[in-house]
Amino acid sequence: MAALLDAGSIIIYRTSDGVISHWSSGSEALYGWTRQEAVGRVLQELLATGFVSPRAAMGNALAKTGTWDGEVQQRHRDGHMLAIASRMIAVPPGSVLSINHDVSDLKRAQLEIARREAHLRSILETVPEAMVVIDEKGTIDSFSAAAERLFGYSTSEVHGNNVRMLMPPPDRENHDTYLERYLTTGRRHIIGYGRIVTGIKKSGERFPMELAIGETIANGQRIFTGFIRDLTSRHKLEEELRQAQKMEAIGQLTGGIAHDFNNLLTVISGNLEMIERRAEPGSIRELVQAAQEAADDGARLTGQLLAFGRRQPLNAQLADISQLVAHFSDLLRRALGETIELRTVVTGSSNHAMVDASQLQNALLNLALNARDAMPRGGRLTVEISHAEIALAETGTRPDMRPGEYVLIAVSDTGTGMTPAVRERAFEPFFTTKGVGAGTGLGLSMVYGFVTQSGGLIRLESEPGHGTTVRIYLPGVRPQASPETTDGNARREPARPPGGTETILVVEDEPRVRRVAVARLRDLGYEVIEASNAAEALATAGEARTIDLLFSDVVMPGGMDGGTLAAEIRALRPGIKVLLTSGFAEPSIAERGQAETGTWLRKPYTTAALATRLRTLLGPGAGGG
Ligand code: ADP
Ligand code: MG
């Protein structure tokens, strides 16, 4: 039999000591040893046989059944190891015949498959994007760990199910048709391109997702691999960014117009003031006063617009917000009327923030009036004050906001609520859903501008029929910090403003505004030197003349602003007093303002405010009346 099967690897050895008695040509080929070399040697030693299963098991099997099948490792003559599938047959008396096959290649292939599988599994587990593999029928075959997290299903819940379970209608009903159509026509709609589609989670929640599909053929079967990126947060971020950009653009526009109007109003009311003083009582004085009142109304309007454009001068002071709100509650109650209940809830003991108290009062009043309008048949307004942490993620698109501690004022009503379309535009100036005369559309925009300028954040939550909540986050401050103040603007002060005889250098690029300023100052008794820009002012300052005070606009053409000019003139004339004026609180002033309290005046200003400020700077008694 051994001779018959000579081409195969046949070895016969003695059971007792393992000495080889027969070595076929097939064995020569398999192990590299010739018959002469092998016969007479001990098999275990020659081939360094290693058993995958215990060796004793082979002995037992041979003794009991006369055969043994198994896998062993054996060494080739040149030293490399072979994986051998071996069948042994007891050949009485006292011999064993073994037939051997090299299964090394098969073994390697198996290991390679196992390695690839592990590799694939690790990809499925770690790839940050959700990955779903389906077959031609749409049956889910693999489901990555990220897909489990995204869709809320475990792999075992989806495996073997149709992928349509991850889609909302109408894709859910149509997916089979999509697949069929592709398989029959080969026309691609999504494969290889990627699409933004809607997915549905186990919870039923729908979400926007970017889907990219790849196709492979394995064993004549097509498989499709889908990569899914969750777009929920990106969409939200983009939406927020769009909103922020819109508000920024409107703010710029409004602020710019308001600024120019302020200049015009300065001219108008300045001239009116001078006419009024010269006019005889009972002559044209009433007319002038009426015009003056209209100019005042105009100034109030530009003030509101500046508030939205984040350019109103704020008088921020450290305050306990709960106490402030408690002080306002009478006013709010009166604004709300009798059918609306006001509730104030305070959590936490110290809710301190830097805030302009009168502007905050204004803001809350605006919110209360809106709530009243939204609750014509009565209801409840709740003002809640608490601590809030804002995390980095929430400040996201807002470079001006820092994560950290805030004081949260939440104002909720039980009114009509807003539709998404109204909600989106509610902060825009002049946006109103109220009839002519009923609404100006400036309420929420002022609140928005005030909160933003205060370094805070405002959030609007509203559903039709479910009321409205406005959340105002003001940057929290530890109460031991010292209170800071900026300048306030007093209007309509005593009838006889204090004058003086000092010399004042007036710098203002707008000729009409300059003319008014110069006329007012001369009226008050001062010596006045004019300059229309910073360069001219510097030249004048260089000449040997007395100048007691520099009165300059902040924003001027020619590259040098009022603040820089003041610094340069101070270098030339160290004792000089400085008063700056501006149509709005430029950031540079707002930042430095605190240190230089009282050195600037907001436009439009009254003669009285100007006169008082000048005396504060120049000191009392120097001038006449
Ligand atoms: P106005 O009150 O003059 O209309 P606002 O800027 O205060 O202007 O508000 C803009 C719009 O936002 C309102 O016309 C209204 O449609 C909507 N709105 C504001 N607050 C509320 C609220 N609490 N409930 C329902 N809608 C509101
Ligand atoms: Mg309003």
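pLDDT is the predictor's confidence in each residue, on a scale from 0 to 100. Keep that scale in mind as you explore these views, because the model is predicted.

View 1. The protein has a mean pLDDT of 85, and 92% of its residues reach 70 or more. Confidence is highest in strand β19, at 94, and lowest in helix α19 (residues 587–593), where the mean is 46.

**View 2. Strand β21 is largely enclosed by the rest of the structure.** Look for residues 549–553: 5 of the 5 residues of this strand are buried, which means that the surrounding structure largely encloses it. You can check this one face at a time. On one side sit L549, F551 and D553, on the other L550 and S552, and all of them are buried.

**View 3. β21 pairs with β19 and with β22.** Strands of a sheet pair through backbone hydrogen bonds, either parallel or antiparallel. Here, β19 (residues 503–507) and β21 run parallel, with 4 bridges between them. The pairing of β21 with β22 (residues 577–582) is parallel too, over 5 bridges. L550 is a handy landmark for both pairings: L505 stands opposite L550, and L550 in turn stands opposite V578 in β22. Now follow the chain from β21 through helix α18 (residues 562–572) to β22, and you have traced a right-handed β-α-β unit.

**View 4. Six strands form an open sheet with antiparallel pairing.** Reading across the sheet, the order is β2-β1-β6-β5-β4-β3. The edge strands are β2 (20–23) and β3 (50–51), each of which pairs on one side only. Within the sheet, β1 (residues 9–14) and β6 (residues 95–102) run antiparallel and are joined by 6 bridges. To find your place in this pairing, look for Y13, which stands opposite V96 in β6.

**View 5. F427 and Y448 make a tilted aromatic pair.** A pair of aromatic rings is described by the distance of the centres and the angle of the planes. The model holds 8 aromatic pairs. In the one formed by F427 and Y448, the ring centres are 5.1 Å apart and the planes meet at 40 degrees, so the pair is tilted. F427 lies in the loop between α14 (420–425) and α15 (443–453), and Y448 in helix α15, so the pair ties together parts that are 21 residues apart in sequence. F427 is buried, with a relative accessible area of 9%. Y448 also counts as buried, at 13% relative accessibility.

**View 6. F551 and Y605 meet edge-to-face.** Their ring centres are 6.0 Å apart and their planes are at 65 degrees, so this pair is edge-to-face. F551 belongs to strand β21, while Y605 lies in the loop between β23 (600–602) and α20 (607–618), so the pair ties together parts that are 54 residues apart in sequence. Both F551 and Y605 are buried.

**View 7. F143, F151 and F207 form one aromatic cluster.**

Notes: Residues are numbered from 1 along each chain as its sequence is written. Chains are lettered from A and ligands numbered from 1 in the order in which they are written. This is a predicted model: local features need pLDDT of at least 70, side-chain atom pairs count only at pLDDT 80 or more; totals for chains, interfaces and linings use all residues. Side-chain values use heavy atoms; hydrogens and water are left out. Buried means under 20% relative accessible area, exposed over 50%, partly exposed in between (1.4 Å probe, protein chains only). Helices (H or I, at least four residues) and strands (E, at least two) are DSSP runs, numbered from the N terminus. Two strands pair if DSSP finds at least two bridges between them. A crossover is right-handed if, with the strands pointing away from the viewer, the path from the first strand over the helix to the second runs clockwise. Rings of Phe, Tyr and Trp (its six-membered ring) pair if their centres lie within 6.5 Å; planes under 30 degrees apart count as stacked, over 60 as edge-to-face and the rest as tilted.
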